[in-house]
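Please look over the sequence and the model before reading on.

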Amino acid sequence: MNIGDGKVVCVTGASGYIASWIVKFLLQRGYTVRATVRNISNPNKVDHLLKLDGAKERLQLFKADLLEEGSFDSVIHGCHGVFHTASPVHLVIDGDPQTELVDPAVKGTLNVLNSCAKSPSVKRVVLTSSFASVAYNGRPLTPEVVVDETWFSNADFLLEEKMWYSYAKTSAEEAATKFLTENNIDYVVMNPGSETLMNAAFGWINVKDVANAHILAYEDSSANGRYCLVERVIHFSELTKILHHMYSSLQIPNKCTDDKPLMQTFQVSKEKAKKLGVEFIPLEVSLREIIESLKEKEFISF
């Protein structure tokens, strides 16, 4: 018998990259999944979900909008757990960042959590935040520094540096944890690393580890607080060296976008995540999986 047999859970923003893997793994474990998307009729957003093993029997798609108050009420009602991964994303800010990015991120999160508070069936919420809400507080990040779950990004620092995405994720996490605590809702926060193509050092992690960690945190009653999910912190220039070593014929830029000194790397503690049961997939394995997948789908050829 699968651990998820008989349990109904909700995954918001289910067509997203991390959310899709969470849905896949939940179905494999026997859960019935209520998945929310903004547009059910868009095949580009839902076809990959409908093709998952178990989807025909245990996947239910619902239309819901983060910024529409109450649109998650009926979906979440009766669910045992909620995986909130959906978040408004604006890569280019033409106007006011507060209006275009921060307010929607906070409002959208609170809209989902309000629906959770209305449903007595919800026993745990697993919130997808970001490593962006962990590491940026003005303290120097050097190779000797070890970042862990006790670190919190400083909103004032992020505003001063105009790091709008990090500020939005930090603001949303702060608002969410305050609401969940005040409403006595059991919750766990996931802070996975991100990817970029610039003169920067970031935490990298396989999406399967991120999705698996969400479910482990939901199923383990002793899970609590935040979990940093980073397999390794390396500079993008080092990443290109690894790829060149693995695929010598692959055309990859080897020059940074600026001539500034390379951003220093730092360390991220894996201790808490490992206690949860996360077995980190090595970065080299993740990179090979990505390249082979792109080749298989004919996005690249070399």
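The sections below go from the whole chain to single residues.

## Basis of the model

This is a predicted model, in which local features need pLDDT of at least 70 and side-chain atom pairs count only at pLDDT 80 or more, while totals for chains, interfaces and linings use all residues. Residues are numbered from 1 along each chain as its sequence is written, and side-chain values use heavy atoms, with hydrogens and water left out.

## The whole chain

The protein chain has eleven helices and eleven strands. Helices (H or I, at least four residues) and strands (E, at least two) are DSSP runs, numbered from the N terminus. The C-alpha trace spans about 55 × 45 × 40 Å along its principal axes. The radius of gyration of the protein chain is 19 Å, which agrees with the value near 19 Å for a compact globule of 302 residues. That radius is taken over C-alpha atoms, and the globule rule is 2.2 Å times the number of residues to the power 0.38.

Of the 302 residues, 49% count as buried. Buried means under 20% relative accessible area, exposed over 50%, and partly exposed in between, with a 1.4 Å probe and protein chains only. A contact means heavy atoms within 4.5 Å. Among contacts between residues at least 6 apart in sequence, 76% join residues at least 24 apart.

## Helix 1

Helix 1 covers residues 17-28, twelve residues in total. From its first C-alpha to its last it reaches 17 Å, close to the expected 16 Å at 1.5 Å a residue; the expected span is 1.5 Å times one less than the number of residues. Its buried residues are A19, S20, I22, V23, F25, L26 and L27. Just after helix 1, G30 takes a positive phi of about 95 degrees.

## Two buried residues

S133 sits in the loop between strand 5 (124-128) and strand 6 (146-147). S133 counts as buried because its relative accessible area is 2%. Leaving aside neighbours within four places in sequence, S133 is in contact with residues including W151, F152, K169, E173 and R226.

L283 belongs to helix 11 (residues 283-296). With a relative accessible area of 4%, L283 is also buried. Beyond neighbours within four places in sequence, L283 has contacts with W204, E231, R232, I234, L239 and I242. I234 is 49 residues from L283 along the chain, and the C-alpha atoms of the two are separated by 9.9 Å.

N154 is in the loop between strand 6 and helix 6 (155-160). Its relative accessibility is 33%, so N154 counts as partly exposed. Not counting residues up to four places away in sequence, N154 touches Y136 and N137. The C-alpha atoms of N154 and S166, twelve residues apart along the chain, are separated by 9.6 Å.

Most residues other than glycine have a negative phi. K162 has a positive phi of about 55 degrees although it is not a glycine. K162 is found in the loop between helix 6 and helix 7 (164-182), and is exposed, with a relative accessible area of 59%. N184, likewise not a glycine, has a positive phi of about 55 degrees. N184 lies in the loop between helix 7 and strand 7 (187-192), and its relative accessible area of 74% makes N184 exposed.
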